[in-house]
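Here's a quick briefing to read alongside the structure.

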Amino acid sequence: MKLPHCSRCNYFFKWRELLIGFGQRKCPECGAYQYITAQKRRQGMWIGPAAALGTVVIVQLVDPPFSVLWPFAVLVVILAILVNPFFLEFTEKEEPLF
Ligand SMILES: [Zn+2]
């Protein structure tokens, strides 16, 4: 897995630069605004419902106690935020979603 780069100057973003914020990012090297590609945004739209469905299935099958379920859910959300920058891809122009 590698981090996305600026579509204008090929500057590779640092992980911490992508950790906070949504949507457009400003390249620290050339100052160009970078937008997440429509393809990656469409892929991202499926993650929430898929995670919810997966959680419902696991809870039905395993029936974990509440004291285990919530810390696990918090851990999954934190991990998702931490690995999210590796799944981004930038373009110089904002693309329509559909
Ligand atoms: Zn740049």
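Let's begin with Val74, which is exposed because 10 other C-beta atoms lie within 10 Å. The cut-offs behind that word: a residue is buried with 20 or more other C-beta atoms within 10 Å of its own, exposed with 12 or fewer, and partly exposed in between, with C-beta atoms placed from the backbone. Bear in mind that this is a predicted model, where local features need pLDDT of at least 70 and side-chain atom pairs count only at pLDDT 80 or more, while totals for chains, interfaces and linings use all residues. Residues are numbered from 1 along each chain as its sequence is written.

- Val74 sits in helix H3, which covers residues 66–83. Helices here are DSSP runs of H or I with at least four residues, strands are runs of E with at least two, and both are numbered from the N terminus.
- H3 has 18 residues and reaches 26 Å from its first C-alpha to its last, close to the 26 Å expected at 1.5 Å a residue. That expected span is 1.5 Å times one less than the number of residues in the helix.
- How many of the 18 residues of H3 are buried? The count is zero, and H3 is hardly covered.
- Across to another part of the chain, Val74 and Ala52 are 22 residues apart in sequence, with 13 Å between their C-alpha atoms.

**Helix H2**

- Helix H2 takes in residues 38–62, and Ala51 is found there.
- Ala51 counts as partly exposed because it has 14 C-beta neighbours inside 10 Å.
- From Ala51 to Val83 it's 32 residues in sequence and 15 Å in space, C-alpha to C-alpha.
- H2 is hardly covered either: zero of its 25 residues count as buried.
- Asp63 follows H2 and has a positive phi, near 50°.

**What the UniProt record says**

- An unreviewed UniProt entry lists residues 44–62 and 68–88 as "transmembrane region". UniProt positions are given in the numbering used here, feature names are shortened, and annotations may be inferred rather than shown by experiment.
- Residues 44–62 are 100% helix and 0% strand in the model, with end C-alpha atoms 27 Å apart.
- Residues 68–88 come out at 76% helix and 0% strand, and their end C-alpha atoms lie 31 Å apart.

**The sheet**

- Three strands make an open sheet in the order S1-S2-S3, with antiparallel pairing. Its edge strands are S1 (25–26) and S3 (90–91), each pairing on one side only. Two strands pair if DSSP finds at least two bridges between them.
- S1 and S2 (residues 33–36) run antiparallel and are joined by two bridges. Lys26 stands opposite Tyr33 in S2.
- Ile36 has Phe90 in S3 as its bridge partner.
- Which residues are on the covered face of S2, and which on the uncovered one? Gln34 and Ile36 are on the covered face, while Tyr33 and Tyr35 are on the uncovered one.

**After the sheet: Glu95**

- Glu95 lies in the segment after S3.
- With 13 other C-beta atoms within 10 Å, Glu95 is partly exposed.
- Leaving out residues up to four places away in sequence, Glu95 touches Tyr35, Thr37 and Ala38. A contact means that the C-beta atoms of two residues, placed from the backbone, lie within 7 Å.
- Glu95 and Ala32 are 63 residues apart in sequence and 16 Å apart in space, C-alpha to C-alpha.

**The whole chain**

- The chain has three helices and three strands, and from the N terminus on its elements run α-β-β-α-α-β.
- Of its 98 residues, 7% count as buried.
- The C-alpha atoms fill a box of roughly 50 × 30 × 20 Å along the principal axes.
- Among contacts between residues at least 6 apart in sequence, 61% join residues at least 24 apart.
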